[in-house]
Amino acid sequence: MARTPINPSLYNRCVHRSRVSTLLIDVPVDQVPKSVAFWSAALGVQARPVPGEEQFTSLPDAVPGLTTAVQGVDDAPRYHLDFETDDLEAEASRLIGLGAVERSRWLDCRILEVPGGHLVCVIPVHSDPDEFVRAARVWP
């Protein structure tokens, strides 16, 4: 679905912007190699380690428009989404106002449990700034 571009003059009146940017396939650390091999073959993409972030293995272009990766975790397997934002506190507060509960923080990431039990992370903008501005929703 195509989005109508937001008039840049409106940004001065906005509290913040955010978008779903990342799909992470969380797997127990001891299962990462098998999981990476499976997802790379299933999605038809070359898996790539993420330099300096050994818990992540990127699956570039697996899902158009989303950063997609396998993440090794010391927890149960699951999927989670990352919301990237230009204002961490405002976006976390917005999602908490919708019923999410903050579970923890890791670096600049806020980890929230949303209604239904899924996890989402609220992270600083990490995509190309032009892509972020083009794709992000503006929240008053």
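This is a predicted model: local features need pLDDT of at least 70, side-chain atom pairs count only at pLDDT 80 or more; totals for chains, interfaces and linings use all residues.
Q: Let us start with S1. Is strand S1 largely enclosed or exposed, and why?
A: Strand S1, residues 16-28, is largely enclosed by the rest of the structure, because 11 of its 13 residues are buried. Buried here means under 20% relative accessible area.

Q: Which way does S5 run against S1, and how many bridges join them?
A: S1 and S5 (residues 78-85) run antiparallel, joined by eight bridges. Within this pairing, Leu24 has His80 as its bridge partner.

Q: And S4, how does that strand run against S1?
A: S4, which covers residues 67-73, runs parallel to S1, with seven bridges between the two. Asp26 is found opposite Gln71 of S4.

Q: What joins S1 to S9?
A: Three bridges join S1 to S9 (residues 137-139), and the two strands run antiparallel. The residue opposite Val138 of S9 is Arg17.

Q: Changing topic: how much space lies in the largest pocket?
A: The largest pocket holds about 710 Å³ of space. Its lining comprises 28 residues, and those closest to the pocket centre are Leu24, Glu53, Phe56, Asp82 and Trp106.

Q: Which elements give two or more residues to that lining?
A: They are S1, S3 (56-58), S4, S5, S7 (109-113) and S8 (119-124). S4 gives the most, with six residues.

Q: What is the lining of the largest pocket by class?
A: It has 14 nonpolar residues, nine polar residues and five charged residues.

Q: Now the packing. Which residues make up the largest nonpolar core?
A: That core has 10 residues: Ile25, Val27, Val32, Val36, Trp39, Val45, Ala47, Leu59, Ala62 and Val70. At least two residues come from S1, and at least two from helix H1 (32-43). H1 gives the most to this core, with three residues.

Q: Where do nonpolar side chains tend to be in soluble globular proteins?
A: In such proteins, nonpolar side chains tend to be buried together.

Q: Back to Val27, then. What does Val27 touch?
A: Leaving aside residues up to four places away in sequence, Val27 touches Val32, Ser35, Val70, Gln71, Gly72, Val73 and Pro77. Val32 and Val70 also belong to the largest nonpolar core, and Gln71 is the residue of S4 that stands opposite Asp26.

Q: Which residues does the second core include?
A: The second core is separate and has seven residues, among them Phe83, Leu88, Leu95 and Val120.

Note on methods. Residues are numbered from 1 along each chain as its sequence is written. Side-chain values use heavy atoms; hydrogens and water are left out. Buried means under 20% relative accessible area, exposed over 50%, partly exposed in between (1.4 Å probe, protein chains only). Helices (H or I, at least four residues) and strands (E, at least two) are DSSP runs, numbered from the N terminus. Two strands pair if DSSP finds at least two bridges between them. On a 1 Å grid over the protein atoms alone, a cavity is a set of points where a 1.4 Å probe fits but cannot get out, and a pocket is an open set with protein on both sides within 12 Å along at least five of seven lines; lining residues have an atom within 4 Å of a point. Grid points are joined across faces, edges and corners, and a volume is the space filled by probe spheres set on the points. Ala, Val, Leu, Ile, Met, Phe, Trp, Tyr, Cys and Pro count as nonpolar, Asp, Glu, Lys and Arg as charged, and the others, Gly among them, as polar. A nonpolar core is a set of buried Ala, Val, Leu, Ile, Met, Phe, Trp, Tyr and Cys residues joined through side-chain atoms within 4.5 Å. Contact means heavy atoms within 4.5 Å.
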